[in-house]
Amino acid sequence: MNVGNLKLPKLFIGTARIPSGMTQVVSAAVKTGYRGIDTAAIYGIEESLGEAISEVTASGSISREELFVTSKCWSTCFSDVKGACLESLQKLKLDYLDAYLLHWPVSLKSPSKGHLALDTFELDNVPLHQAWAQMEQLVDEGLVKNIGVCNYSVPLLLDLMNYSRIKPVINQFEIHPYLNNEALVSCCQRMGVVPQGYRMVWAQDDSSPIYEEVVQRIAQETSKTPSQVIISWCLQRGCSAVVKSANEHRLQENFQAQFLQLTQEQMDQMMQLSRNVRMCPSEWFPEDLFG
């Protein structure tokens, strides 16, 4: 998908909570056809991902320029966005990031400079417009090619578009059949921002939408898996998507979802499943960011 002169992959391989075998996962993903890689400082895996990217590019199977690598600035680093970015680049063994995102729309105080904390709940006094100005400076200095945000609501996104000198290219937020975020997807598209979905598929228990009768029926009608139906539904809405698996077969299955074409009736049936269920509440923050 294109945003201006930017060519953004439809599918990104997610790297959160991949415990081991990062090189094998990245190698399998690249072999399958993935070109987007999504990570974040708070995931704690940038060093292993950097090693994996280095090994895969050194093997000659793909060049660095063919990859689109995204990382994210954690909320305790908004007072020094450049420092956070440089640390990510060092760990990833990269000269630049294709995209760098503000991970959550709130600034938190850090127990120590540059510390990535999940257990600090004290609000910092760095307004979002100041954090964004630092993001723009990263583009000016050539450290990142594009900048964006995660988990921005419609009001926050509209506000950002008013004060930004360099516009965001991505807004990454939760999208799945139980939370279709229709208004936010539409707002992003009107503003020329790519809506990028995460947490589309989970299968830990029967609370997952993959077990919905509608999803199961469409999977049977299309001879695809329920996961592929959900990923295709997201992509057909004009969104990019972050999908994650350490299993090579599942990586291939997720990748093939982009070639499934649902009918308008099937898309409408999927949209009707939304019930405002959020699977990724901001439990790290002192307030409900979506309340």
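Predicted model: local features only at pLDDT ≥ 70, side-chain atom pairs only at ≥ 80, totals over all residues.

Me: Okay, why is the contact of Glu87 with Lys91 called a salt bridge?

Reply: The label asks for a side-chain nitrogen of Lys or Arg within 4 Å of a carboxyl oxygen of Asp or Glu. For Glu87 and Lys91 the closest N and O atoms are 3.2 Å apart, so the pair qualifies. By that rule the count comes to 11 salt bridges.

Me: And what separates Glu87 and Lys91 along the helix?

Reply: They sit four residues apart in helix H3 (residues 81–92), which means about one helical turn lies between them. Helices here are DSSP runs of H or I with at least four residues, strands are runs of E with at least two, and both are numbered from the N terminus.

Me: What makes Glu213, Arg217 and Glu221 a network?

Reply: Arg217 bridges to Glu213 at 3.4 Å, N to O, and also to Glu221, with the closest N and O atoms 3.2 Å apart. Salt bridges that share partners join these three residues into one network. Glu213 and Arg217 are four residues apart in helix H7 (residues 213–222), about one turn, and Arg217 and Glu221 are again separated by about one helical turn. As for exposure, Glu213 has 51%, so it passes as exposed, whereas Arg217 at 26% and Glu221 at 47% are partly exposed.

Me: Why is strand S9 called largely enclosed?

Reply: Five of the five residues of S9 (residues 194–198) are buried, so the rest of the structure largely encloses this strand. Both faces are covered: Val194, Gln196 and Tyr198 are buried on one side, Pro195 and Gly197 on the other. In a regular strand the side chains alternate between the two faces of the sheet.

Me: How do you know which strands pair with S9?

Reply: Two strands pair if DSSP finds at least two bridges between them. Strand S8 (residues 170–174) has five bridges to S9, and strand S10 (residues 240–243) has two, so both pass. S9 runs parallel to S8 and to S10. Asn171 has Pro195 as its bridge partner in S9, while Gly197 has Ala241 in S10.

Me: Last one: which residues of helix H1 are called buried?

Reply: In H1 (residues 22–32), the buried residues are Met22, Val25, Val26, Ala28, Ala29, Val30 and Thr32. Gly33, with a positive phi near 130°, follows H1.

Notes
Residues numbered from 1 in each chain as written. Heavy atoms only, no water. Buried < 20%, exposed > 50% of the residue type's maximum accessible area, 1.4 Å probe, protein only.
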